[in-house]
Amino acid sequence: MRTQVAIIGAGPAGLLLSHLLTRAGVDAVVLETRSQEYVASRIRAGILEQSSVDLLTEVGLGDRLRAEGHEHRGIYLQWPGERHHLDFVDLTGRTVWVYGQTEVQKDLVAAGTAEVRYEISETTVHDVETSRPYVTYVDARGTAQRLDADVIAGCDGSFGPSRNAVPAETYERTYPYSWLGILADVAPSTDELIYAWHPNGFALHSMRSPTVSRLYLQVPNGTDPASWPDDRIWEELGRRLGHGQDGWKLTPGPITDKSVLPMRSYVQTPMRHGNLFLAGDAAHIVPPTGAKGLNLAIADVTLLAKALVARFRERSDALVSSYSDDALRRVWRCTHFSWWMTTMLHTGGDPFDAQLQLSQLKWVTSSTAGATGLAENYAGLPIGF
Ligand code: FAD
Ligand code: DHB
């Protein structure tokens, strides 16, 4: 089989890339190890930056997002005894949207633009330095297959094979804490997200809809979710998020999902080797505190689609040549922001660090310059910045 772009991975990066290319008349085939149902139900990111929403709207994927998503003007930052609202609209004129990655994924599947081979195995990329790269794999029926292409897009996340096929510099930071994340069938106790610093550790109150809440607690690495029964989780969330403070109440409810996520920063440069291009988590991982992972994947494939369309439709390689540098400019900005939010809000038991964090939080919430810096990064810079 032959196509112009062989895309490995049907996560948001791979499916959106396929959608953008197909709309522009470039052929693509997507290869995915998991089943369609598994990919669609993975609970992950929940916040879309303004530029992600604008892009999805521009390419015909904004209807349900705008009908069912929730636009937020800002976030709350808090520490014991104080809660402050940062209004991104006042500060930067931009907003963010609560719309789960699962919903983005459903919209991409519903668009029907991607030709996806699900449940494949043994994905291997070949001859990526040449103009005739190809991918071999075993299809869902167990038959060996070969997909020839002009270009391979590695959108296979942090555990896929693409990144290993790119000789690259890697930059990495592992954090000494993880997040325990829960999904609960209960109305959110807040109108906008609350990011809380607390001596016991960070907590975040997010949401998915008017009836579903998503909350996180900082926990030590290696934590077993079984050591956190539901009552313990709600009690600790209440403590860290300030239940009872100024009359605010955290309403508990049935927990429907519970998992522990480790936190890591990782950047691989360059994001290209010959005719293999990396996008999304295949090239970089951010800790979740700044809500950047999904947005970065969307920004990468927007740049990559433009570059590949210019190559195939206009015979121009300028954007292909600059893809890695163009994408990495934003990747490093988001890597810094995610590290900065993470280290400002997570506690490690060092009293000196704690005072620095509180000083930083007081500055960010009281200075227009400090607040604007956070708002500009959180609500997101335009794609292509
Ligand atoms: P992925 O979504 O990882 O998609 C990669 C795809 O490639 C997968 O479908 C995978 O099955 C497939 N694949 C892997 N190997 C192969 C192979 N050999 N052959 C074919 N296909 C393959 N970000 C936030 O902003 N906020 C959050 O709260 C948040 N929570 C997260 C929770 C978890 C548990 C994880 C893992 C990530 C979270 N993220 C979060 C990050 C965000 O979800 C990712 O940045 C986003 O999914 C990146 O999209 P992607 O398409 O690049 O990669
Ligand atoms: C969510 C996750 C984040 O990492 C974040 O910063 C905000 C929201 C969420 O899953 O809703």
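**View 1. Strands β9 and β10 are joined by four bridges.** The two strands run antiparallel, and β10 covers residues 134-138. Strands here are DSSP runs of E with at least two residues, numbered from the N terminus, and two strands pair if DSSP finds at least two bridges between them. V125 has V135 in β10 as its bridge partner. The model is predicted, so that local features need pLDDT of at least 70 and side-chain atom pairs count only at pLDDT 80 or more, while totals for chains, interfaces and linings use all residues. Residues are numbered from 1 along each chain as its sequence is written, and side-chain values use heavy atoms, with hydrogens and water left out.

**View 2. An open sheet is formed by three strands in the order β9-β10-β11.** The pairing is antiparallel. At the edges are β9 (121-126) and β11 (144-148), each pairing on one side only. From one strand to the next the twist averages 15°.

**View 3. A six-stranded open sheet has the order β8-β2-β1-β12-β19-β18.** Its pairing is mixed. The edge strands, β8 (116-117) and β18 (272-273), each pair on one side only. Within the sheet, β12 (residues 151-154) and β19 (residues 276-278) pair in the parallel sense over three bridges. The bridge partner of A153 in β19 is F277.

**View 4. Helix α1 (residues 12-23) lies across β1 (5-8), β2 (28-31), β8 and β12.** Helices are DSSP runs of H or I with at least four residues. The helix runs at about 160° to β1; axes are lines fitted to C-alpha atoms, for helices over the stretch in contact (heavy atoms within 4.5 Å), and angles run from 0 to 180 degrees between N-to-C directions.

Technical notes. Chains are lettered from A and ligands numbered from 1 in the order in which they are written.
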